[in-house]
Amino acid sequence: MLKINNIVGHTILDEAAKIGVICTRFNSFIVDHLESGCLDALERSSSVDVTVDVVKVPGAYELPLVAKRMAESKSYDAIIALGAVIRGTTPHFEHVSNVCSRGLASVSENSGVPVIFGVLTVNSIEQAIERAGTKAGNKGSEAAITAIEMINLSRQL
Ligand code: INI
């Protein structure tokens with residue numbers, strides 16, 4: 001006899017939670033839209049009071065360190081990292097995006113706190129604009145919903 005438990009995190013926050021949102025000041029003309037999309041989605045998808053601490057960092061390279069500090073505080077149910085790394089004409093993009101993505105994944109794995117990757121890594125400003133609230137959606141809103149799903153999922157495991 002097989003007993004299957006399907007464990008899925010739903011995407012409405014209906015128990016108190018505290019969420020950290022870290023935003024880069026670099027490319028703020030894009031990241032401001034990710035931030036507002038994220039906060040709007042958190043508000044619309046919560047049926048209880050949710051505390052959100054919003055922290056600003058210089059650039060995507062600095063996101064992992066601040067995510068680590070916040071995760072180690074054990075005060076947050078999830079951390080959302082928002083930023084935009086836009087390819088230029090030098091290899092700088094590769095360094096910043098690699099450190100950022102690997103660092104955030106490592107913080108999440110080592111701390112057990114869900115760290116959501118809401119960082120655009122794109123080839124052009126046009127691609128960033130498309131993903132910051134225009135024709136390809138809003139990566140900040142998607143990150144908010146992913147955070148809620150991971151909080152609910154973590155609470156069931
Ligand atoms: N930071 C970003 O968030 N996005 C970028 O596109 C970017 N580029 O391309 O340079 C960027 N650089 C700054 C970097 O994140 C650090 O803040 C800086 O190197 C100081 O450590």
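Visitor: Which residues in α1 meet K139, G140, S141, A144, I145 and I148 in α5?

Guide: In this predicted model, local features need pLDDT of at least 70 and side-chain atom pairs count only at pLDDT 80 or more, while totals for chains, interfaces and linings use all residues. Residues are numbered from 1 along each chain as its sequence is written, and side-chain values use heavy atoms, with hydrogens and water left out. With contact meaning heavy atoms within 4.5 Å, the residues in α1 that meet those of α5 are L34, G37, C38, A41 and L42.

Visitor: How do the residues of the contact of α1 with α5 divide into nonpolar, polar and charged?

Guide: Ala, Val, Leu, Ile, Met, Phe, Trp, Tyr, Cys and Pro count as nonpolar, Asp, Glu, Lys and Arg as charged, and the others, Gly among them, as polar. On that basis the contact divides into seven nonpolar, three polar and one charged.

Visitor: At what angle do helix α1 and helix α5 pack?

Guide: Axes are lines fitted to C-alpha atoms, for helices over the stretch in contact, and angles run from 0 to 180 degrees between N-to-C directions. For α1 (residues 28-44) and α5 (residues 139-156), the axes lie 6 Å apart and the angle is about 40 degrees.

Visitor: How many helices and strands does the protein have?

Guide: Helices (H or I, at least four residues) and strands (E, at least two) are DSSP runs, numbered from the N terminus. From that end the elements run β-α-β-α-β-α-β-α-β-β-α, and the protein has five helices and six strands.

Visitor: What percentage of the 157 residues count as buried?

Guide: Buried means under 20% relative accessible area, with a 1.4 Å probe and protein chains only. Of the 157 residues, the share that counts as buried is 41%.

Conventions
Buried means under 20% relative accessible area, exposed over 50%, partly exposed in between (1.4 Å probe, protein chains only).
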